[in-house]
Amino acid sequence: QVQLVESGGGSVQPGGSLRLSCAASGSIFRLLAMGWYRQAPGKQRELVAGIRGSSDTNYADSVKGRFTISRDNTKNTLYLQMNSLKPEDTAVYYCNNLRGNIDWGQGTPVTVSS
C-alpha cells in the first residue's frame with residue numbers, strides 16, 4: 001500500500017515560483033515511475049511531468065522549460081520545481097505513478113494570479 005501526500009502549493013503572482021513535494025509511504029516508491037498531474041476547474045486531470053528511474057524525465061509542452069521534476073528515493077519524496085508560473089498553471093496538483101493507479105491524495109492547490 002502506497003499513500004501519497006502532496007504539499008507546497010499556494011498563491012503566487014505570474015512569474016513566481018513554487019516547489020511542490022509529494023511524500024510517499026510504503027516500501028516500493030523507489031521502484032515506481034512517478035509523475036505530477038494537475039486538474040483545473042472543469043477540466044480532466046492531465047500529466048504535466050514524469051520521471052523514470054532517477055533522471056529520465058519528460059514534460060508536457062505547456063510546462064517544458066519552466067518545471068523540473070526530481071525525486072529523492074532515500075526520503076521517499078517526489079518534487080516539482082515550478083518557475084515562471086502563469087495563470088493557466090492554476091490547478092490542484094497531484095502526484096501518482098505513471099499508471100495513475102495509486103489511490104489519489106488530496107492534492108495541493110496552486111493559484112497564479114495578479
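Biologist: Which residue in β5 is the bridge partner of G35?

Modeller: G50 is the bridge partner of G35 in β5. A word on the source: this is a predicted model, where local features need pLDDT of at least 70, side-chain atom pairs count only at pLDDT 80 or more, and totals for chains, interfaces and linings use all residues. Residues are numbered from 1 along each chain as its sequence is written, and side-chain values use heavy atoms, with hydrogens and water left out.

Biologist: Why are β4 and β5 called paired?

Modeller: Two strands pair if DSSP finds at least two bridges between them; β4 and β5 are joined by five and run antiparallel, so they count as a pair. The strands themselves are DSSP runs of E with at least two residues, numbered from the N terminus. In the hairpin of β4 and β5, six residues lie between the strands, and G42 has a positive phi near 75°.

Biologist: What joins β4 to β9?

Modeller: Six bridges join β4 to β9, and these strands run antiparallel. W36 stands opposite C95 there. Strand β9 (residues 91–97) is also joined to β10 (residues 108–112) by three bridges, again antiparallel, with A91 opposite V110.

Biologist: What makes β2 and β6 edge strands?

Modeller: The open, mixed sheet has six strands in the order β2-β10-β9-β4-β5-β6. Strands β2 (10–12) and β6 (56–59) each have a single partner strand, so one side of each is left without a neighbour in the sheet.

Biologist: Why is β4 called largely enclosed?

Modeller: Buried means under 20% relative accessible area, exposed over 50%, and partly exposed in between (1.4 Å probe, protein chains only). Five of the six residues of β4 are buried, so the rest of the structure largely encloses this strand. Y37 is buried at 9%, while W104 is partly exposed at 29%.

Biologist: How do you know that Y37 and W104 form an edge-to-face pair?

Modeller: Rings of Phe, Tyr and Trp (its six-membered ring) pair if their centres lie within 6.5 Å; planes under 30 degrees apart count as stacked, over 60 as edge-to-face and the rest as tilted. Y37 and W104 are 5.2 Å apart centre to centre, with 85° between the planes, so the pair is edge-to-face. Y37 lies in β4 and W104 in the loop between β9 and β10, so the pair ties together parts 67 residues apart in sequence. Y94 and W104 are edge-to-face too, at 5.9 Å and 80°. Y37, Y94 and W104 form one aromatic cluster.

Biologist: Why does R45 count as lying over the face of Y94?

Modeller: NZ of Lys or CZ of Arg must be within 6 Å of the ring centre and within 35 degrees of the ring normal. R45 is at 5.5 Å from the ring centre of Y94, so the distance test is passed. R71 lies over the face of F29, at 4.6 Å from the ring centre.

Biologist: What makes a set of residues a nonpolar core?

Modeller: The members are buried Ala, Val, Leu, Ile, Met, Phe, Trp, Tyr and Cys residues joined through side-chain atoms within 4.5 Å. The largest core here has 27 residues, and L4, W36, L78, L80, M82 and Y93 touch the most other members. Its largest share, four residues, comes from β3.
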